Amino acid sequence: MTLDDFLQSEIDLGSFPSASYAIGSSSGIERARALGNAVVVPMRIPATEETIYDCASLTKPLITTTLILQAIEEGRLKLDEVFEGHTYRSLLTHTSGLIAWMPLYLHGDYRTTIRAQSPAYPPGTSVVYSDLNFILLYLALQDLYGDYVERAVERIVKPLGLQNSHFRPPVSLRPRIAATEWGQCYEAKLAERPEISDLRPGLMWGETHDGNSFHAGGTAGNAGLFATASDVFTITQAFVNGKLVSSDLAREASRDHTAGLDDARGLGWQLGTGSAATSMLSAHAFGHTGFTGTSVWVEPDGDRILVLLTNRVHPVAAPVAMQKIRGEFHRLALAMM
């Protein structure tokens, strides 16, 4: 089965309505393709290589981590400096002790609400992937630069010449954007707060799926980036090639900082740990996933960059075996390169 046949079969099964990918090396994209429909309700719009996806948590490594690392490189921050009771290292590696998630938008000021949270576990003793870690990093960047989005555009988007990467995309771009969930039903169920679905009753289309980022104005550092597969590839390529931070710092960010704990984490990046998505990659691989059905993985040993974007939460956020799907995508992509 070819890579395209596999993705089409998952579209036909209903795993996601569309997929767009870009695969290649540190030298550039070698193959890119889009399949399926970026929107299926209330109308059908075919996906193309120019379709812009809600990248969800890919925002964490591609934007927030990069901005924090740049600040460290410039001497504005130190990795083990404390911010709001947590070191930057513990926030980047998800070892801060903070809980995984909560609907901060129901509680008022994000900073005050997070500050009031007691540790769910002793800091440094476990890895618990938490959006709250990256929301604090977002707040740190807001304190440092005044505007996170402006800084991201100035330091990442513009220098790389990206034309299809946005926070808070203009309405005029909606026909090119892959839609996500109809109503905020997933978060309502997760929080066991039915009233959450009343806050966003319509189709999420061109607005970030993540509730905390949406109610913060479009991003809270944990999500909010909209981009094409080729733009995600370009940002990752620039990181790998030392164009966003130094090559030494990029290598430091992609090594294991949580040895002996229950998950392998770099600075903002997840490491390959033999999961269904990464068992075919080497121990040096690093990447990240996003709840909307997105992922980017780097295989340094073979100089491979693998980007897969889907909108698997459209029109509903139903259970999908995305890790298994990502694993097969990686296997087929590596086999053809």
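## Basis

The model is predicted, so local features need pLDDT of at least 70, side-chain atom pairs count only at pLDDT 80 or more, and totals for chains, interfaces and linings use all residues. Residues are numbered from 1 along each chain as its sequence is written, and side-chain values use heavy atoms, without hydrogens and water.

## Helices α1 and α12

Helix α1 spans residues 3–13 and helix α12 residues 322–335; their axes come within 9 Å and cross at roughly 165°. Axes are lines fitted to C-alpha atoms, for helices over the stretch in contact, and angles run from 0 to 180 degrees between N-to-C directions. Helix α1 is therefore roughly antiparallel to α12 (over 145 degrees).

In the contact (heavy atoms within 4.5 Å), α1 supplies L3, F6, L7 and E10, while α12 supplies I325, E328, F329, L332 and A333. By class, this contact has seven nonpolar, no polar and two charged residues.

## Helices α2 and α10

Helix α2 (residues 59–73) packs with helix α10 (residues 229–240) at an angle of about 25°, the axes being 11 Å apart. That makes α2 roughly parallel to α10 (under 35 degrees).

Here L62, I63, T66 and L69 of α2 meet V232, I235, T236 and F239 of α10. The contact has six nonpolar, two polar and no charged residues.

## Cysteines

The structure holds zero disulfides (pairs of cysteine sulfur atoms within 2.5 Å). C55 is buried, at a relative accessible area of 0%, whereas C185 is partly exposed, at 43%. Buried means under 20% relative accessible area, exposed over 50%, and partly exposed in between, with a 1.4 Å probe and protein chains only.

How values were computed
Helix = DSSP H or I, 4+ residues; strand = E, 2+ residues; numbered from the N terminus. Parallel < 35°, antiparallel > 145°, perpendicular 65-115°, else oblique. Nonpolar A, V, L, I, M, F, W, Y, C, P; charged D, E, K, R; others polar.
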